[in-house]
Amino acid sequence: MEANTRSTGRLPAAFLTPGSSSFLDFLSEHSPELLPGRRTLPVVQGAVEVPHGTTIVAATFPGGVVLAGDRRATMGNMIAQRDIEKVFPADEYSAVGIAGTAGLAVEMVKLFQLELEHFEKVEGAQLSLEGKANRLSTMIRGNLGMAMQGLAVVPLFAGWDVDREKGRIFSYDVTGGRSEEHVGYAATGSGSLFARGSMKKLYREDLTEQQAVTLVVQALYDAADDDSATGGPDMARRIFPIVTVITDDGFRRLTDAEGADVARAVLERRMEHPDGPRAELL
């Protein structure tokens with residue numbers, strides 16, 4: 001196929017007339033070796049450390065959903081990177097946050113972005129939010145072989161449902177199992193236990209957008225407080241959590257200045273109350 005392309009200077013007909021609106025199916029048929037989950041790993045002896053992303057959190061509010069992530073990547077007991085990006089736009093009305101093997105996760109996100117763009121160009125319409133969540137589930141399931149060898153990717157997917165006019169959150173397991181979070185918040189990654197506990201006590205259904213943003217930053221702070229693989233706000237290096245908001249106006253990432261203001265406000269209150277805000281007993 002490659003030699004024929006070089007000799008004629010044209011793409012094969014199959015590449016010009018894809019028979020499916022799914023780019024993933026098209027790639028599986030014509031170049032399956034390019035899929036992350038189809039690659040053959042070299043035989044190694046002993047454990048091999050690779051960079052891992054850690055904690056992702058999300059929360060809904062009337063009018064949208066917030067998706068955020070810390071900036072630390074770890075490699076065993078070492079900090080591999082202090083400013084990794086873990087939250088990406090999937091399309092205009094959705095975003096995905098990555099936890100797990102960092103390299104594979106970023107590659108999967110790029111493939112997911114291309115999958116949604118391909119569908120829109122072929123069909124002339126966007127997938128429903130439910131359809132997007134299902135496509136991501138299929139991609140995670142395709143990585144199961146890698147996951148069984150320790151290279152797992154466990155994302156968090158969130159977006160604005162234009163049909164239902166509400167923000168929605170979907171979580172996954174390593175087998176591609178998908179579940180919608182109906183409680184209004186979710187977390188994944190090594191610090192998710194602590195982040196989820198934090199949000200459980202502070203979340204309300206009537207949060208404003210700004211309160212939802214503060215909530216996820218508080219949750220990431222609590223996760224970093226108890227999980228060494230999660231990085232808190234780094235004021236000295238000016239490294240702050242990535243916070244994104246998705247509403248009927250589309251995807252928006254908070255600017256560095258906006259993120260710094262929220263992180264600074266949280267840190268100032270933590271100087272007075274190290275354990276964070278208290279929920280009422282009744």
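This is a short walk through one predicted protein model, from the overall numbers down to single residues.

First, the ground rules. The model is predicted, so local features need a pLDDT of at least 70, side-chain atom pairs count only at pLDDT 80 or more, and totals for chains, interfaces and linings use all residues. Residues are numbered from 1 along each chain as its sequence is written, and side-chain values use heavy atoms, with hydrogens and water left out.

Confidence next. pLDDT is the predictor's confidence in each residue, from 0 to 100. The protein averages 86, and 83% of the residues score at least 70. Residues 1–7 have a pLDDT below 50. Beyond near neighbours in sequence, that stretch has 4 contacts in the model. Contact here means heavy atoms within 4.5 Å.

Now the overall picture. The protein has 9 helices and 14 strands. These are DSSP runs, numbered from the N terminus: helices are H or I with at least four residues, strands are E with at least two. Of the 282 residues, 48% are buried. Buried means under 20% relative accessible area, exposed means over 50%, and partly exposed is in between, with a 1.4 Å probe and protein chains only. Take the contacts with a separation of 6 or more: 64% of them join residues 24 or more positions apart.

On to the cores. Nonpolar side chains tend to be buried together in soluble globular proteins. A nonpolar core is a set of buried Ala, Val, Leu, Ile, Met, Phe, Trp, Tyr and Cys residues joined through side-chain atoms within 4.5 Å. Which residues touch the most other members of the largest core? Val57, Val66, Met199, Val213, Val216 and Val243 do, out of 26 residues. Several elements each supply at least two residues: β2 (56–61), β3 (64–69), β12 (185–188), α7 (192–202), α8 (209–226), β13 (242–247) and α9 (256–272). The largest share, 9 residues, comes from α8. Apart from this core lies another, of 24 residues, including Ala90, Ile98, Phe112 and Met146.

Look at Val66. Leaving aside neighbours within four places in sequence, Val66 is in contact with Val57, Ala58, Ala59, Phe61, Ala212, Val213, Val216, Val243, Thr244 and Val245.

Thr247 is buried, at a relative accessible area of 12%. Not counting residues up to four places away in sequence, Thr247 touches Phe61, Gly63, Gly64, Tyr93, Trp160 and Glu209.

Helix α4 covers residues 102–123, 22 residues in total. At 1.5 Å a residue it should span 32 Å, and its end C-alpha atoms are 32 Å apart, which agrees. The expected span is 1.5 Å times one less than the number of residues. Among the buried residues of α4 are Leu104, Met108, Phe112, Glu115 and His118. Gly124 follows α4, with a positive phi near 75°. Helix α5, residues 129–142, reaches 20 Å from its first C-alpha to its last, close to the 20 Å expected. Its buried residues include Leu129, Lys132, Arg135 and Ile140.

Now a sheet. Strands of a sheet pair through backbone hydrogen bonds, either parallel or antiparallel. Two strands count as paired if DSSP finds at least two bridges between them. Strand β1 (residues 52–53) is joined to β8 by 2 bridges. Gly53 stands opposite Gly100 in β8.

Gly100 also leads us to Ala147. The two are 47 residues apart in sequence and 9.5 Å apart in space, C-alpha to C-alpha. Ala147 lies in helix α6 (residues 144–148) and is buried, at 15% relative accessible area. Not counting residues up to four places away in sequence, Ala147 touches Ala152 and Val174.

Last, two loops. Is Glu165 buried or exposed? Exposed, because its relative accessibility is 62%. Arg238 sits in the loop between α8 and β13. Arg238 also has a positive phi, about 55°, although it is not a glycine.
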